[in-house]
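Please look over the sequence and the fold below before reading on. The briefing starts with the whole protein and then turns to a single residue.

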Amino acid sequence: MPFGHYISNPLNIGPGQRFAAILGANPSQGARSPALWNAAFTAHGGNETMVPMDVDGENLVPLLGELDADIRFIGGAVAVPHKEALSQWLGERLTKTARQIGAVNCLFRGDGQGPLWGTNTDGEGALVCIEAACGPLKDLQVVQLGVGGAGRAVAAYLADAGAQLTLCVRDLEKISDFATHIGARTVAWDDRAETLGGVVLAVNTTSLGGVAENMADQTPLNGDAFKLLPDDAWAYDIIYDPCPTRFLVLAAEHGLKTGDGRCMNLEQAVLGFGYAADEPKGRDATRAAMEAAKAGLESG
């Protein structure tokens, strides 16, 4: 395969087979997208497949060039840490949502044959899950911890839903324009505990707590910080491996309601599949197949 030398994991793609991929630092080590997408491909009667592609920053651009030119590649998902780099590489080939966020988690061919485009389904997927648990966010106080690639998407949708949003980050200058654009307040990372009084929802969008970044023992808030949240507050984490994260374990120990990243992972996958792949049996068939695959992953 012409682009195989840019990735560090083996591929299983048949001759002439159309395929999707998830691009990231190490999606071969546990990303759920291949299982979800492949279940949907089967449900729709196709012979396409999704494969993980472990690629570092140095090899990302040459890999993208070859994927863009290979018409067998229909698109797919983008994982940490390449979401913002993909946005920059695509330039003007971005949906309005992705352009506003500045990060891409989904690749697709606009007309099935042309060059790759990018969009972002992280934020929409997260909002669906959060409001299903917490209810409408309009005028409610929400604190978000971290604003990376997925974090920008989540923040944009939380703000658009009417939440009174505070973003806690290490580099205030880096997100200043973005925060102004969505109408969010910013607070320095070291002052994050001071934002928690009266908050209805605390959302972790950092990689702290995730297996993929070897941070499973870490959390953006310690036990004492959770005492500052109201008793009826929610804690939500976009990470799904491990599940629950240490952030959610501590939240539950302090009596808070919790939500994890498995729901968001499913929702963004359903949306992403709709952009990149044919759905002859409709979106309901996609969702049902992915829900069954998700249940299998969680029971195993």
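The points that follow describe a predicted model, grouped by topic.

**Overall build**
- The protein contains 11 helices and 11 strands, and its C-alpha trace spans about 60 × 40 × 35 Å along the principal axes.
- Because a compact globule with 300 residues would have a radius of gyration near 19 Å, the value of 19 Å found for the protein agrees with that expectation.

**Inside and surface**
- Of the 300 residues of the protein, 53% count as buried, while the accessible surface comes to about 12900 Å², with 48% of that area belonging to carbon and sulfur atoms.

**Charges**
- The protein carries 22 positive side chains and 36 negative ones, and the centres of these two sets lie 3 Å apart.

- Tyr157 is part of helix H6, which covers residues 149-160.
- Tyr157 counts as buried because its relative accessibility is 18%, and the cut-off for being buried is anything under 20%.
- When neighbours within four places in sequence are left aside, the residues in contact with Tyr157 are Thr97, Gly123, Glu124 and Leu127.

Conventions
Residues are numbered from 1 along each chain as its sequence is written. This is a predicted model: local features need pLDDT of at least 70, side-chain atom pairs count only at pLDDT 80 or more; totals for chains, interfaces and linings use all residues. Side-chain values use heavy atoms; hydrogens and water are left out. Helices (H or I, at least four residues) and strands (E, at least two) are DSSP runs, numbered from the N terminus. Buried means under 20% relative accessible area, exposed over 50%, partly exposed in between (1.4 Å probe, protein chains only). Contact means heavy atoms within 4.5 Å. The radius of gyration is taken over C-alpha atoms; the globule rule is 2.2 Å times the number of residues to the power 0.38. Accessible areas come from the Shrake-Rupley method with a 1.4 Å probe; for residues, only the protein chains shown count as cover. Lys and Arg count as positive and Asp and Glu as negative; His and the chain ends are not counted. The place of a charge is taken as NZ of Lys, CZ of Arg, CG of Asp or CD of Glu.
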